Amino acid sequence: MAENDDEEQRIRSVALENARQILTARNSAEENVRRQSEWLQITLDSIGDAVISTDAEGCVTFMNRVAENLSGWTQNEAAGHLLDEVFQLIHELSRQPVENPALRAIRGTIILGRANQEILIGRDGVERPIEGSAAPIKRDEGEIIGCVLVFRDMSDRQRLEQQVQKQLAGARFLASIVESSDDAIVSKSLDGIIQSWNKGAQRLFGYTAEQAIGRHISLIIPVDRLDEENRIQSLLRVGEHIEHYETIRQRSDGQRVDVSLTVSPILDEDGVVVGASKIARDITDRKRSEAALRDSETQLSDFFDNATVGLHWVGPDGIILRANQTELDLLGYSREEYVGQPISKFHADQSVIGDILKRLTSGETIANVEAPLCCKDGSIRYVLISSNVLFRNGKFIHSRCFTRDITDRKFAEEGLKENEQRMRLATEATAVGIWEWNVFTGQVRWDAQMFRIYGVPAKPNGIVDYADWSSAVLPEDLPRQEEILQETIRRLGSSSREFRIRRVDNRECRYIQCFEAVRTNSDGVAEWVVGTNLDITERKQSEEALRRLAADLSDSDRRKDEFLATLAHELRNPLAPIRNGLQVLELTNNCGEEAEQTRKMMERQLAQMIRLVDDLMDVSRISTGKVELQKKSLHLSEVINSAVETSRSLLEQMRHELTITLPEFPIVVEADFTRLAQVFLNLLNNAAKYSEPGSQIRITVERQASEVVVLVQDTGVGIASDQLPRIFDMFSQVDRSLEKSQGGLGIGLSLVRRLVELHGGSVEAKSEGFGKGSEFVVRLPAIMDTPVPSSELKDDQQSNLITPLRVLIVDDNRDSVTTLSMLLNLLGHKIHTAYDGEQALSAAREFRPDVILLDIGLPKLNGYDVCRKIREQPYGDRVVIIAQTGWGQPESRQKTSEAGFDHHMVKPLDTNALQKLLSDLNH
Ligand code: ADP
């Protein structure tokens, strides 16, 4: 310790010595030196800077109080220590120790601290930035005896500087904020002169800072807003802040700009308003978007109210919040009746609305859910509902529902469905097949009916190849069909055609009627051909049959016309000789050989006429089914003989040679004698007529099993093969030329066939052609072989032996009455005549006839009534009354017998039959 004190003392004395030496150097008195030394000491202690001196080796020789405080060493402690032991200097950034400043200073003056960025680390470890200098201490002679360091702690100053720097930076920062602000920031003095003007202001108002600063603020205020500016001004004066005040300012180019202003008063230190700062924000965009928003809100509202689809909002509780007019109109409610009500109230199907609400609540969007709604008038309308919910922060705000009325469509759809159903049933019922052909892909699709029509097994998807169709069409029909099809596609039109196919399953040929139409795509190009097929085979066949029938009809019509011409001719033919004959009779006075021949000729002609008329009557009666056969078991040979007898005169006239071949045993048939005889007579007469005079005619009767076959053959003109099938048709004649006509009407063979058929047989004609003769084959059922007594035809000659009768002839046809009177007179009877019904009655009364030949169609009183009245008379039941009428049908016979007639004879009267009847009355 004593050593330390000594050291301190030594340092102090060295310092003092130094001081003293300094003082000595200035020639001061020693006392003065001491005092000065003390004073120096005090001075050094009192200055704010640290002062340290060292000797030439760099050991501390002096430290003032500041240096002691900074280093943490007392002078006594530090004296004699190397300076860098007492405190360390390190480099501020590298933190490396710096060479002892004393040693450096001894070599020359150095600057400490700031420039060299040196930091002093004190004994207490505290780092202090320092600033100062170190300089060598030299004797007068220039010898360096040490150095002195004068430095100060820069910590506070540095802090201050840093603070100032920070404040400066802050200010610069603020200035840059102001500059870089998007807003226009402007300050003005109280008298309205612009003081500051940032970039934002330049951008907003178009003036640069240079142009604006110093000008009056009205530079940017439109004239119509000056009053407003004055109001702001007065508010500012009383220190009011104005925030977000929206107004309009004017740009340098004259354009008006929407701004939001925040205006604040600027106060001086005493709180007096000296100016104002204005922050102006361009709100043009905001205004625009606000306007757009307003517009869109208006549009939304407009859309909502005027949408042609029903719209409503429903709250989370299911209550209707809003509804548009369309929806109200749809259901017929007023807004008051609808809005505020639970939506479910208007649903006819609660399960539907229940489901909709459930799905919406779970966040689902529903689309086109069909629902029936109740209208105010009690009707139901069907709608499609589409809806979703507006959620905000997960909260159900409301659901937005679109309601589209589909009632009409639904009914139309139902109608359509029904139509489709009807169509399907119709196509099924009409057996129409439907096909479609994609022109691009070549794909063909058939419906089930098409497969049925073509006889192809159906495919589930209906897809077939074009070849399925084309190969079914008859090859001769196909090219034309394809031509029409192509032409239809080219025209984009439709067509109808007919073709034949061969069915795949049974190879049957069928007629198909096809309709088709081209469907175009959106480019107007033919894409599809759609068509129908209908099997019209049956229709075709019936058309063909109809056509044939029509042809036949016209043929038979033609034949009928020809027949009438023939008939007229045939009837006129006998009339001429008869008329001539009458004259001959008159001239010959009815006597002599000539008269006799003439009478015979007239009889023949008359017989011919009667035969014609009989045939005609028969044909019509047979064809109307009015002939009833009087069948009996007969010997066929007798029937044939009868026919031959009747035909004999013609055969003889033509000098034909007739050969009859009969079987050994007689053949019996069940037949109507007269009718069957008529058959053979016709065949025989034809053979005679259509053969050259002197020809061979052959009748052969054969037994073939249970049948009898009668052949009537001739060697005459024969029949052309094409005529053979029609030879038995009514009015059919091979050669129509009247000149060549052999006196027939073309009904004989027709009668033959019908009569044979009525007998259960058949007839056929054969000929090897024109000029080769003909053969008619009649087949009849033969019933038995047992002999039957020959028919007992009485010899007509017997009728000549008669007893005269009193005969009353009643007829309005005077000729008929006269001729009949003459005939009966000649036969020896007593005749009385009458020409109407009343005359008939009186004649009957007066003449009292045995027999009355009474016509039915009489003037005044008809035959039935005359008959009835006579029967009422006392003499009436003794009289034989014979009806003579044009009608021979059973009904007519029935009527005459009911009226009281005894007999019924058909006009013209068969005189033989009449004679026979009269002679029977005699017996
Ligand atoms: P027609 O009154 O004309 O004889 P038919 O019905 O008896 O009428 O005969 C029809 C037609 O058949 C005759 O016109 C005749 O052309 C032909 N014909 C009938 N029989 C013969 C026959 N034996 N030989 C040739 N042709 C015949």
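Contact means heavy atoms within 4.5 Å of each other. Helices (H or I, at least four residues) and strands (E, at least two) are DSSP runs, numbered from the N terminus. This is a predicted model, in which local features need pLDDT of at least 70, side-chain atom pairs count only at pLDDT 80 or more, and totals for chains, interfaces and linings use all residues. Residues are numbered from 1 along each chain as its sequence is written, and side-chain values use heavy atoms, with hydrogens and water left out.

**View 1. Helix α18 and its end.** Helix α18 has 14 residues, 478-491. At 1.5 Å a residue (times one less than the number of residues) α18 should span 20 Å, which agrees with the 20 Å between its end C-alpha atoms. Leu-492 follows α18 and has a positive phi, near 55°.

**View 2. The buried residues of α18.** Buried (under 20% relative accessible area, 1.4 Å probe, protein chains only) are Leu-478, Gln-481, Ile-484, Leu-485, Thr-488 and Ile-489. They cover an arc of only 135° around the axis (taken from the directions from the helix axis to the C-beta atoms), which puts them on the same side of α18. An α-helix has 3.6 residues a turn, so residues three or four places apart point the same way. The cover over the buried residues of α18 includes β18 (432-438), α17 (466-470), β21 (494-502), β22 (509-520) and β23 (526-535).

**View 3. A parallel open sheet.** Five strands, in the order β32-β31-β33-β34-β35, form an open sheet with parallel pairing; two strands pair if DSSP finds at least two bridges between them. At the edges, β32 (830-834) and β35 (903-906) each pair on one side only.

**View 4. Strands β33 and β34.** Strand β33 (residues 851-855) runs parallel to strand β34 (residues 880-885), and five bridges join them. Opposite Leu-854 stands Ala-883 in β34.

Terms used
Buried means under 20% relative accessible area, exposed over 50%, partly exposed in between (1.4 Å probe, protein chains only).
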